[in-house]
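User: I am new to this structure. Please show me how to read its features.
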Amino acid sequence: MALTPAQALDMLRSDDLIGIGMEADAVRKRQHSGNVVTYQIDRNINYTNICTEYCSFCAFYRAAGSPEGYVQPLESIFQKIDETLAVGGTGILMQGGLHPDLKLDYYENLLRSIKQRYPALHLHCFSAPEILNLADLCGLTVRDTIARLRDAGLDSIPGAGAEILDDEVRYRIARLKCRSDEWIDLHRTAHRLGMRTTATMVFGCGETLQHRVNHLERIRQLQEETGGFTSFIPWFMQLANTSLGHFVKEEATAVDYLKTLAVARCYLENILNLQASWLTPGHKICQIALRFGGNDVGSILIEENVVSAAGCHNTASEIELKNLIAGAGFRPIKRDTLYRTYFLN
């Protein structure tokens with residue numbers, strides 16, 4: 001039987017870290033036989049850093065008119081894709097700020113140009129806040145905006161922008177960004193249009209454990225309704241160089257991360273894949289996380305600009321990820337974005 005919210009809260013409050021990890025590991029074993037852990041090769045391309053939301057946890061954005069603001073030229077994006085394909089990449093994760101001037105024709109041209117040149121490349125692009133901003137700028141419904149992006153070449157939508165899906169938290173850390181219901185409704189709409197998306201949670205921003213449970217419950221309910229999430233990806237916030245870092249005095253710890261990951265695995269049994277992060281916790285904690293419910297370690301992240309701007313500089317090559325997985329006692333298998341194709345190493 002699925003965990004209740006009260007049970008999940010009790011687990012997060014518990015000091016029995018090993019017991020919680022064993023419960024999560026048992027769920028993983030039921031869902032993923034063969035002692036396999038997956039990884040991906042893709043690239044995170046930030047097409048613009050100009051944003052109007054001024055989130056207190058973000059050190060990446062630049063205001064419109066800033067001399068440090070940019071919109072990537074198409075040829076620069078092509079070069080980054082060529083570099084990705086050269087090391088075995090199968091897709092790109094493309095995201096940016098909420099630009100006040102880029103309209104739908106820009107995004108449609110961007111997607112079509114990439115697909116025309118790289119027809120087999122999987123385009124996993126644009127967070128819920130970006131798409132909601134685009135719909136608002138163009139006076140379109142969210143459904144029509146997603147449909148037009150899909151028709152131009154968008155294959156799936158990342159779960160970024162969720163942070164904590166509780167408006168009490170969102171108002172404090174990102175009051176200009178979309179509300180929880182808007183994030184959920186956008187992913188629901190994408191699922192109904194036949195698109196797959198991922199779900200994320202970024203914790204350690206001063207939220208309570210109850211807020212985390214509220215987030216998990218919103219994700220579980222939507223997955224029960226649509227089945228459209230391919231994976232759940234939790235990680236903890238990096239606060240260096242951010243205004244929020246002046247107010248949050250207790251940052252998330254490795255124990256906090258492992259416990260939250262394990263509870264997510266037990267709570268979200270209806271989402272098959274749970275990603276263990278190496279980017280913010282580091283490689284060693286990621287290895288341990290594979291015994292706390294994780295069955296995937298994400299991408300090598302050829303390029304990452306957002307988290308690194310907040311002071312996190314962990315990196316990983318394909319060899320390092322394979323060794324990380326093997327060192328934890330699992331067989332590493334390369335996957336595609338939607339966990340559909342597996343590549344023998």
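This is a predicted model: local features need pLDDT of at least 70, side-chain atom pairs count only at pLDDT 80 or more; totals for chains, interfaces and linings use all residues.

User: Why is strand β10 largely enclosed?

Analyst: Start with the terms. Strands (E, at least two residues) and helices (H or I, at least four) are DSSP runs, numbered from the N terminus. Buried means under 20% relative accessible area, exposed over 50%, partly exposed in between (1.4 Å probe, protein chains only). Strand β10 covers residues 331–335, and four of its five residues are buried, so the rest of the structure largely encloses it.

User: Which strand pairs with β10?

Analyst: Pairing takes at least two DSSP bridges between two strands. Here β1 (residues 36–40) runs parallel to β10, with four bridges. Within this pair, Thr38 is bridged to Ile333 of β10.

User: How many residues are in the largest nonpolar core?

Analyst: Such a core is a set of buried Ala, Val, Leu, Ile, Met, Phe, Trp, Tyr and Cys residues joined through side-chain atoms within 4.5 Å. The largest has 94 residues, and Val297 is among those with the most contacts inside it. Helix α10 (residues 254–267) gives the largest share, eight residues.

User: Is Pro234 buried or exposed?

Analyst: Pro234 counts as buried, because its relative accessibility is 0%. Its place is in strand β7 (residues 229–236). Contact means heavy atoms within 4.5 Å. Beyond neighbours within four places in sequence, the contacts of Pro234 include Met201, Tyr257 and Leu274.

Terms used
Residues are numbered from 1 along each chain as its sequence is written. Side-chain values use heavy atoms; hydrogens and water are left out.
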